[in-house]
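Here are my notes on this model, as numbered points. Please read them beside the structure.

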Amino acid sequence: MKSGALHSAVFSPLPPGVIRPRGWLERQLRLQANSLSGHLDRFWPDIANSAWIGGHAEGWERGPYWLDGMAPLAYALNDARLIAGVTRWIDVILERQHEDGWLGPRHDTSDTRRKPLDPWPVFVLLKALSQFQEATGDRRVMPAMLRFLQRLDTLLDEQPLFDWGRYRWADLIVTIHWLYEHTGETWLPALADKVYRQGFDWRTHFERFPYLSRQQRDAIYPSAPLPGCTFRLDMASHVVNNAMAIKAPGVWYRQSGDLRDRDAVWHIIGALDAYHGQVNGVFSGDEHLAGLNPSQGTELCAVVEYQYSLETLIAILGDPRLADRLERITFNALPAAWAPDMWSHQYVQQVNQIRCAIIEDALYTNNRADANTFGLEPNYGCCTANMHQGWPKFATHLWMRTLDDGLAAIVYAPCELATMAGGGRVRVAVETDYPFNETIHIVVESSDAARFPLLLRIPAWTTDAALSVDGAHEMVHPGTFHRIERIWDGVTALELRLPMRVTAVRRPAGSVAIEYGPLVCALPIGEHWQRIIPDAHGQYAAGERLRPHCPPDIAARLGDWEVLPTTAWNYALELDVEHPEHSIRVIHHPIGERPFSPEGAPVALYARGRRIPAWGEECGAAAPPPSAPISVDTPLEDVRLIPYGCTNLRIAEFPLCARAGDE
């Protein structure tokens, strides 16, 4: 269906604040609000003293990144303190809008590489502004956005997109399309077309994808800048650019109507999976695409931007496979990049992560030696600013509105929402311990009789899924949105059961990963957390250097940490790959305050395995898993696995033992 210049999206996200997290998800968001996310504006110079609000610190992307995550967090929790902080930023930015319409600093002077009138950071600001407007209805926002876009329209004729903006154009077109649908301004589609034509052609790039293995430093830093790029690096292999690019052809499909754009989404995901994919749902990139080795890193910015790309695409295309991938990343890769108390984070995580330490001769394509340590801003501060969007945007996109005025369950987590559907006021409550438990209870309450469809996503990984509606059973099929079309009157109780089974997934070189429903399972390695002492050159441990200048409550929690192994990690599993349930038993535990922690893991799997003494280290990381199967005569031991997202040190890709000689 086409509305004006745009093809209609299949789903529409609900405004921030409509969906209220409950249960473990609310506790996770509260934990985030009470840790780094909720306090950066009190002590981190690039937020507390940002040039965006009249300060003298960074005036490029970090302020908008922070705001883009804090706005949905504040309104999802209805947290007065966070809402006040977000509102203060919005007020200052709108009040300081330039006469010609430009929003924010005209030139970030904190970095000599920055050019004047760089629109890229404003792309991010516009995302934050649109969320704020939807949450509050603030009438200042849309006119300010339109004034900026009118200035940009003229500027692009004089200074086409360059550097980061040229590769991240889809983030701007998302906002242009949003404004067009809300205002009907007829010049906006033409501006979107201009932006698209000046942007990097991701669709053609992936049709002839050149990055088939780990990128080498001489390929990342060519002798001359690429066209449209003032930096001497290959932006097309940059991990975050690729995470953002996943949505690019799908976003443009709304305006082009070209099925090749729609299908290119899956070409991009397929290529990244085939050549750089990791079992946690993301792809490697430390800072650039890094191949299939599970010891290569993936940047936290890429994790949250992949989530956002999927959330955007789910709305546009309505494909349940995208939601399957969203939950895989959210329940595995996202929590693994934060310390359990969320007061520190990594720049890159590794699927096989045997230590988090300053390693000068690391495997990374071009990250610094401290990239996988936990701290305030290891390696570089972009993730410190950008990481906040992961959990709150996930919460905001749990449910969406359908084209025919119904509701669709995109991903399952405990929550409540109250909205209009079928012309009536509807309240939906979801009670569940999913993804740690397979049963989901949904109560739909309508004060007046209303006819509307309710769509429930049935993940492709499940078998024998079962649904009952007020006790009446309905047939459901994996990999679909199951549609319930009826008159909703009073209280209706639904129970959805998504049986989780243990599966063994083959990885390169014959290794395996163990999955349980949407969860990847990993061997947790014993750990010792050790503070990093700042060196004489001030290169590492930004949090430690800042602690003496922080308020006491923050100084007590802030720090930079190496995490060192205290137990063995080099195990091969002994199991029947076709029927791993015969070799592995599953134990469930009550969900506590911090389910994404080694001690709080709500699920444990018990397998059998043997130490592989020959499987050692390479550049301070685990060497690639040996080719399987492996014959070894070391003792057969119990191997406890927990969800990947609950680990800090881990092995999640294992070699296999040869079956002969079982004990």
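1. The protein chain has 21 helices and 26 strands; both are DSSP runs numbered from the N terminus, helices being H or I of at least four residues and strands E of at least two. Its radius of gyration is 24 Å, close to the 26 Å of the globule rule for 663 residues, so the chain is as compact as a globular protein of that length. The radius is taken over C-alpha atoms, and the rule is 2.2 Å times the number of residues to the power 0.38.

2. This is a predicted model: local features need pLDDT of at least 70, side-chain atom pairs count only at pLDDT 80 or more, and totals for chains, interfaces and linings use all residues. Residues are numbered from 1 along each chain as its sequence is written, and side-chain values use heavy atoms, without hydrogens and water.

3. Buried residues make up 64% of the 663 (buried: under 20% relative accessible area, 1.4 Å probe, protein chains only).

4. The structure holds 30 aromatic pairs (Phe, Tyr or Trp rings, the six-membered one for Trp, with centres within 6.5 Å; planes under 30 degrees apart are stacked, over 60 edge-to-face, the rest tilted). Phe436 and Phe596 are tilted, because their planes stand at 55°, with centres 5.6 Å apart. Phe436 lies in the loop between β10 (424–432) and β11 (439–458). Phe596 lies in the loop between β21 (585–588) and β22 (603–611), 160 residues apart from Phe436.

5. Phe436 is buried at 2% relative accessibility. Phe596 is buried at 5%.

Methods
Buried means under 20% relative accessible area, exposed over 50%, partly exposed in between (1.4 Å probe, protein chains only).
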